[in-house]
Amino acid sequence: MALRLRYQIDSPRRLREHVHLVDGAGYFFFPGAVAPKGTLASLEINFASTSQVALLRGWVWARSTGGGLWLELSRAQRCLEKLNQDPLRSQPRISSDQLVLAEPEGLPALLCRLRDVSERGTRLAAMPADAGSEGQRIRVALPEAGPGGVQLEAYGRVVWASQGEAGVKWNGEDPATHAAVRRLLRGARHAWEDARTAVHPSTCRCIGMPPKGVVLLG
């Protein structure tokens with residue numbers, strides 16, 4: 001199970017001053033948390049000035065002697081760039097690593113994990129060759145049955161696939177899909193109930209440099 005961390009800051013611009021980019025990855029200091037080096041981590045960033053939510057994944061890169069963790073976050077640069085480009089989402093995404101069986105139309109079914117999920121869609125950790133191409137129909141089955149003993153399945157279409165991930169838009173008119181998505185959302189929210197939360201301090205100078213004594217090697 002990945003370490004789940006939630007950070008609150010006023011704006012994406014301020015966040016960029018605290019994420020130090022090296023070859024597309026980002027290094028971010030999270031205060032107060034404790035975990036062994038190498039621990040997988042999911043970081044949710046909430047902004048006071050916008051309803052956008054940034055979801056980043058990585059691992060504990062180093063532990064600070066004064067407390068807190070340095071996180072190495074994969075694809076952080078891409079995430080920061082998209083914050084300014086993407087329109088505001090009507091439904092928030094929740095980071096999730098739930099295991100599902102994804103079956104694109106005409107392709108073999110594969111076990112994969114979610115990256116995030118919302119009422120309108122999901123992001124799968126799957127290669128484009130396995131997840132299908134844009135417009136392809138897909139079935140996402142949960143490893144459990146519903147109250148009536150019927151397999152929980154959500155249906156939708158692939159809307160994009162690249163760099164080991166695929167985006168799926170749910171079929172909003174299908175009752176079975178609604179039931180399965182509600183269960184996915186419940187599982188995702190439950191996993192975040194014990195997440196450690198930190199707030200960007202109002203006294204921070206936001207100079208955009210790592211603390212003294214920390215060197216980031218690219």
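**View 1. Pairing of β8 with β11 around Pro104.** In this predicted model, Pro104 has Ile138 of β11 as its bridge partner. The two strands concerned, β8 and β11 (residues 137-145), are paired in the antiparallel sense, and 4 bridges connect them.

**View 2. The hairpin of β8 and β9.** Strand β8 is also joined to β9 (residues 110-117), again through 4 bridges and with the strands running antiparallel. Within this pairing, Ala102 stands opposite Leu110 of β9. Between the strands of the hairpin lie 5 residues, and Gly106 adopts a positive phi near 85°.

**View 3. The two faces of β8.** In a regular strand, side chains alternate between the two faces of the sheet. For β8, which spans residues 99-104, the covered face carries Val100, Ala102 and Pro104, whereas Leu99, Leu101 and Glu103 belong to the uncovered face.

**View 4. The open sheet of 7 strands.** Here the strands follow the order β2-β3-β6-β5-β4-β1-β14, and their pairing is mixed. Because β2 (20-22) and β14 (196-199) stand at the edges and each has a single partner strand, one side of each is left without a neighbour in the sheet. On average, and with direction ignored, neighbouring strands of this sheet are turned by 35° against each other.

**View 5. The pairing of β1 with β4.** In the sheet order, β1 stands between β4 and β14. Strands β1 (residues 3-9) and β4 (residues 40-47) run parallel and are joined by 7 bridges, and the bridge partner of Gln8 in β4 is Asn46.

Terms used. Residues numbered from 1 in each chain as written. Predicted model: local features only at pLDDT ≥ 70, side-chain atom pairs only at ≥ 80, totals over all residues. Heavy atoms only, no water. Pairing = 2+ DSSP bridges. Axes fitted to C-alpha atoms, helices over the stretch in contact; angles between N-to-C directions. Buried < 20%, exposed > 50% of the residue type's maximum accessible area, 1.4 Å probe, protein only.
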